[in-house]
Amino acid sequence: MATSEENNALFPIFILTIMALPLVPYTILKLCRAASKKTKSIHCSCSVCTHSGKYRKSIFKRISNFSTCSNLTLVLLWIIMAFLVYYIKHISREIQVFEPFSILGLEPGASDSEIKKAYRRLSIQYHPDKNPDPEAHKYFVEFISKAYQALTDPVSRENFEKYGHPDGRQGMQMGIALPQFLLNIDGASGGILLLGIVGVCILLPLIMAVIYLSRSSKYTGNYVMHQTLSTYYYFMKPSLAPSKVMDVFIKAAEYMEIPVRRSDTEPLQKLFMLVRSELNLDLKNIKQEQAKFWKQHPSLVKTELLIQAQLTRESVALSSALQSDFRRVLELAPPLLEELMKMAIMPRIPQRYGWLRPAIGIVELSQSIIQAVPLSARKAAGASAEGIAPFLQLPHFNEAVVKKIARKVFLRTFQELRDMSPQERADLLTQAAGFSAAEAQDVEVVLEMMPYITIEITCETEGEEGIQEGDIVTMHAWVTLKRNNGLVGALPHAPYFPFHKEENYWLLLADSGSNEVWMSQKVSFMDEATAITAASKAIQEAKEGSGASVKEINAAVSEAVEKVRNGSRLVMGKFQAPAEGNYNLTSYCLCDSWIGCDKKTNLKLKVLKRSRAGTRGGLTTEEGPTVEDGLEMEEDDEEDGYDDYESEYSEDDEDGQDTKKTGALSNGVAHGEGSGSSSEGSGTDEE
């Protein structure tokens with residue numbers, strides 16, 4: 001059996017091998033991914049965003065970006081491996097092959113006289129009578145004496161030449177890759193070892209499981225508390241006006257947990273005076289309204305005032321204590337707004353439709369928080385039906401600048417400013433608004449970052465002509481994004497929002513007349529690889545179901561992949577056709593980060609009475625039923641808004657809604673190009 005020293009040397013070798021097997025390929029994979037990442041900047045490079053410091057790569061931010069849990073674990077494992085290699089290298093000499101000539105310091109084939117001289121020389125140095133050191137005694141007995149015996153004694157020499165050892169044939173040696181302390185267990189250390197095994201193998205996993213289960217029972221997959229979802233579901237109503245979305249949004253349990261300190265009273269009162277005009281208070285009974293506002297739960301008051309500080313860009317007036325709470329409120333806002341949006345568009349029994357009116361209000365609130373634009377700026381002003389909100393998201397713009405531009409050029413919509421040539425815009429900004437060349441260039445940079453959306457929708461009943469009630473309809477929607485700077489996935493211009501925020505889009509198919517959302521889907525343009533995989537799989541399954549050949553399937557998949565690489569995303573779904581009738585639907589593509597970049601396409605759908613034999617199964621997706629036979633698109637001749645359920649911050653403009661271009665489309669195909677504001681031409685908002 002192997003000695004304990006040999007076992008002790010094998011243990012680190014065993015651990016090193018186990019660690020190296022997964023660590024080396026994982027490290028190579030991670031380095032390859034890092035090397036293949038695009039170095040192209042995807043954030044805004046205007047001077048306002050640069051001065052905000054959000055994208056400044058200081059040494060601390062670089063360390064912070066590198067110091068992820070995965071990277072730190074990887075570095076720690078490599079440090080442990082390096083230590084093991086160093087340790088193994090220095091203990092490897094403990095396990096050596098028996099070489100008598102080498103031990104005596106002789107060359108192989110030395111004569112007997114040379115062997116005796118070497119032995120006497122080493123005896124003087126290591127013999128116990130000459131050297132009292134115990135290690136010297138051990139070395140003399142175990143190595144020097146055996147080496148001399150192996151070379152001088154005939155029997156020992158014969159054994160060495162035959163078996164490699166002076167004692168003759170040795171038994172098979174087996175090593176156990178365990179540390180030495182596990183092989184020398186007595187009563188006391190055995191109990192300690194048992195407790196350690198129980199603690200590491202049983203108690204530690206149990207504690208981790210309890211922590212995980214307690215957290216998972218409190219939070220959803222999006223790290224939003226279940227209590228928040230229950231609150232949002234309770235207060236979500238189909239008639240929830242955009243101006244009332246804020247009242248529901250701030251009731252999140254996460255916001256209720258933010259502490260309200262006594263020292264916050266005076267700073268919050270000062271903040272209240274700064275943002276009072278944005279709180280929807282009745283000016284006729286201002287004293288009663290103020291008293292009613294302060295009687296709310298302190299957490300609700302604090303959260304709403306901090307959000308209004310963001311919308312009105314008054315955060316610089318906050319105290320140092322409120323600054324941390326302010327950042328916390330903004331950090332939680334995107335996931336909470338996403339969950340609130342899901343509550344609005346979630347199908348409800350019995351119709352299984354979501355609600356359009358609150359959905360639009362939630363997107364408007366999200367846009368305003370990201371761009372730090374007051375909700376009141378969406379109210380129609382003069383000839384502009386969409387208000388000045390889209391203009392205020394541009395760098396160096398404020399209400400006074402918008403008024404100066406309005407005196408010089410008549411702009412009904414923000415889109416008209418985007419449609420100008422760069423030279424025309426530069427002349428307008430320098431002459432009318434008094435911008436410098438650098439400020440005008442900042443505006444140009446931001447406009448190049450703003451997206452243009454195109455929507456192509458195809459609806460059909462597979463294997464049938466036309467759409468009849470009860471049919472299962474397959475919908476393909478290609479949402480394409482273009483920017484003047486050539487980017488597809490990018491971070492929005494948001495210098496007043498202190499965190500990185502990716503653009504997200506919501507594709508809604510809705511009946512604005514009845515406030516019903518028939519279909520909804522979140523769309524992202526950031527992860528191209530995932531989009532390619534999803535589109536390829538969806539197209540392949542659809543083609544295989546229709547009986548297409550392999551060549552046709554490959555061609556369709558290649559075309560879909562090319563579309564995705566060019567900035568398109570595929571949205572697919574199956575829906576059960578509703579009862580016979582004509583349906584005026586609208587497809588919305590709403591951006592949660594930019595104001596004035598949403599896309600709306602009006603559709604007329606005709607569902608025929610069932611005449612085919614048999615009935616189709618009642619398949620209903622989460623989004624609810626939808627569909628069409630004669631699919632027609634209506635493009636607004638004038639800048640109309642979201643029909644009856646648009647932003648209430650716009651004035652009523654029912655006359656404009658009657659002016660529309662209608663074109664019948666064959667094969668159930670609708671195309672919508674360009675971009676329009678969520679409050680663009682915002683028509684009526686009937687309470």
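The pLDDT is the predictor's confidence in each residue, from 0 to 100, and across this chain it averages 79, with 78% of the residues scoring at least 70. The structure is a predicted model, in which local features need pLDDT of at least 70 and side-chain atom pairs count only at pLDDT 80 or more, while totals for chains, interfaces and linings use all residues. Residues are numbered from 1 along each chain as its sequence is written, and side-chain values use heavy atoms, with hydrogens and water left out. Over residues 614–646 the pLDDT stays under 50, although the model has 178 contacts beyond four places in sequence for them, where contact means heavy atoms within 4.5 Å. Where pLDDT is low, the predicted coordinates should not be read in detail.

The unreviewed UniProt entry annotates residues 12–32, 66–88 and 192–213 as "transmembrane region"; such annotations may be inferred rather than shown by experiment, and their positions are given in the numbering used here, with feature names shortened. Residues 12–32 are 100% helix and 0% strand, with the end C-alpha atoms 29 Å apart; helices (H or I, at least four residues) and strands (E, at least two) are DSSP runs, numbered from the N terminus.

The largest nonpolar core has 64 residues, of which Leu394, Phe397, Ile405, Leu417, Met475, Tyr505 and Leu507 touch the most other members. A nonpolar core is a set of buried Ala, Val, Leu, Ile, Met, Phe, Trp, Tyr and Cys residues joined through side-chain atoms within 4.5 Å, and buried means under 20% relative accessible area, exposed over 50%, and partly exposed in between (1.4 Å probe, protein chains only). Helix 23 (residues 437–449) contributes the most to this core, with 6 residues. Another core, of 60 residues, lies apart from it and includes Val301, Phe326, Leu332 and Ala510.

In the whole structure, 16 aromatic pairs were found, the rings of Phe, Tyr and Trp (its six-membered ring) being paired if their centres lie within 6.5 Å, with planes under 30 degrees apart counted as stacked, over 60 as edge-to-face and the rest as tilted. One of these joins Tyr505 and Phe525 edge-to-face, at 5.4 Å centre to centre and with 85 degrees between the planes. The pair links distant parts of the chain, 20 residues apart, with Tyr505 in strand 4 (residues 505–511) and Phe525 in the loop between strand 5 (516–523) and helix 24 (528–545). Tyr505 counts as buried because its relative accessibility is 0%, and Phe525 is buried as well, at 3%.
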